[in-house]
Amino acid sequence: MALRVVDPGVRAEVQDLGRRGYQRHGLSVSGAADKYSLLCGNLLLGNPPGSAAIEATLFGLHVVMEQDCDVVVTGADLGLHVNGRRAPTWTLLQLKAGDAIRMTGGPYGCRAYLCVRGGIDVPEAFGSRATDPVVGIGGWKGRPLQAGDVLPIGRAGAKGRRRTRWLHPDFVPEYPRQVEVRVILGPQAHRFPSDAVETMLSQPYTVTPRSDHMGCQLEGPRLTHLETADLLSECISEGSIQVPASGQPIILLAGRRGVGGYTKIATVITVDIPKVAQARPGDTLQFTAVSVEEAQALLFDQRRFFRIARLWGELG
């Protein structure tokens with residue numbers, strides 16, 4: 001079983017939940033920028049949670065199924081069409097050999113996830129199929145997809161797991177152009193004057209075209225430092241908000257490198273990282289500070305949702 005890439009569009013890569021445990025060796029975690037969407041797609045198909053999928057950006061992806069296969073497209077609706085007709089996202093689609101999927105573009109959101117039953121079965125590299133194009137490992141030949149690539153689809157786990165047809169609308173995210181993002185202050189908020197923190201929490205910041213899988217680069221009121229923007233390099237987590245000497249924040253995403261040497265004024269909470277990953281150039285982000293306890297409770301609720309959904313196998 002396989003699918004053929006006719007056109008990768010703006011950018012398309014094979015991604016899973018990332019490679020864990022190798023940051024200390026200099027390898028990026030990588031993986032899906034919007035992990036919630038990937039998890040939901042695999043859940044609907046009965047795949048293991050970390051099964052690899054195609055992460056498509058903005059518009060232009062065009063693939064053809066080489067054999068019959070069930071698919072689900074989650075994340076932003078980037079103008080999903082099957083054989084030239086509009087098709088629903090967050091819904092199981094039973095496709096036949098020769099069926100064509102196109103993403104012609106949509107007004108909201110940045111990334112879509114083409115999940116297939118059995119997962120994209122490219123070789124693992126350091127325990128993951130995630131593409132890391134900086135060092136050229138994972139995914140398909142360690143690079144973004146190109147026209148003519150033929151991706152194998154796995155058979156393991158294709159039987160015996162219950163599939164569901166659609167995700168209840170209450171659990172399908174919206175992708176507004178003005179996004180509220182919750183953050184925990186720190187770990188270096190003390191290296192900024194109080195008015196810089198107040199500015200970050202009170203003023204909107206606009207997503208710039210320089211944003212990519214590594215980070216969401218923002219433009220807005222300048223955030224000043226008490227001393228220097230630099231510090232000794234240290235491990236950086238997904239969602240960290242670095243502020244270099246320019247004073248313009250950068251939210252680090254899945255493709256970030258293992259360490260970084262800029263001060264971090266705050267960290268986006270885990271459940272809101274997909275919101276940042278789905279923000280497209282021109283969208284605005286408004287930050288709100290929450291406590292560690294609030295962030296943990298929100299993450300616990302999300303993980304409980306996935307546990308219950310897998311237990312009962314019924315979402316809609």
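Predicted model: local features only at pLDDT ≥ 70, side-chain atom pairs only at ≥ 80, totals over all residues.

Reader: Let's begin inside. Which residues have the most contacts inside the largest nonpolar core?

Author: A nonpolar core is built from buried residues joined through side-chain atoms. Here the largest one holds 52 residues, and those with the most contacts inside it are Leu 3, Ile 54, Val 71, Ile 101, Ile 120 and Leu 151. Helix H1, residues 35–45, gives the most to this core, with seven residues.

Reader: What is Ile 120 in contact with, leaving aside its neighbours within four places in sequence?

Author: Its partners are Leu 3, Val 14, Ala 52, Ala 53, Ile 54, Arg 129, Leu 151 and Pro 152. There is also a second, separate core of 24 residues, which includes Ala 196, Leu 218, Val 243 and Val 268.

Reader: Are Cys 110 and Cys 235 buried or exposed?

Author: Buried means under 20% relative accessible area, and exposed means over 50%. Cys 110 has 6%, so it counts as buried, whereas Cys 235, at 52%, is exposed.

Reader: Now the strands. Which strands make up the closed barrel?

Author: In general, strands of a sheet pair through backbone hydrogen bonds, either parallel or antiparallel. The closed barrel here has seven strands, in the order S12-S19-S16-S17-S14-S13-S20, with mixed pairing. From one strand to the next, the twist averages 40 degrees. Strands S12 (residues 178–185) and S19 (residues 264–268) run antiparallel and are joined by three bridges. Val 183 stands opposite Val 268 in S19.

Reader: Which strands does helix H2 lie across?

Author: Helix H2, residues 194–202, lies across S12, S13, S19 and S20, and runs at about 125 degrees to S20.

Reader: Last one: where is Glu 238 found?

Author: Look in the loop between strands S15 and S16. With a relative accessible area of 16%, Glu 238 is buried. Its side chain makes a polar contact of 3.2 Å with that of Lys 35. Glu 238 is also in contact with other residues, including Ala 33, Arg 256, Thr 267 and Val 268.

Methods. Residues numbered from 1 in each chain as written. Heavy atoms only, no water. Core = buried A, V, L, I, M, F, W, Y, C linked by side-chain atoms within 4.5 Å. Buried < 20%, exposed > 50% of the residue type's maximum accessible area, 1.4 Å probe, protein only. Helix = DSSP H or I, 4+ residues; strand = E, 2+ residues; numbered from the N terminus. Contact = heavy atoms within 4.5 Å. Pairing = 2+ DSSP bridges. Axes fitted to C-alpha atoms, helices over the stretch in contact; angles between N-to-C directions. Polar contact = N/O pair within 3.5 Å; in protein donor to acceptor, adjacent residues only side chain to side chain.
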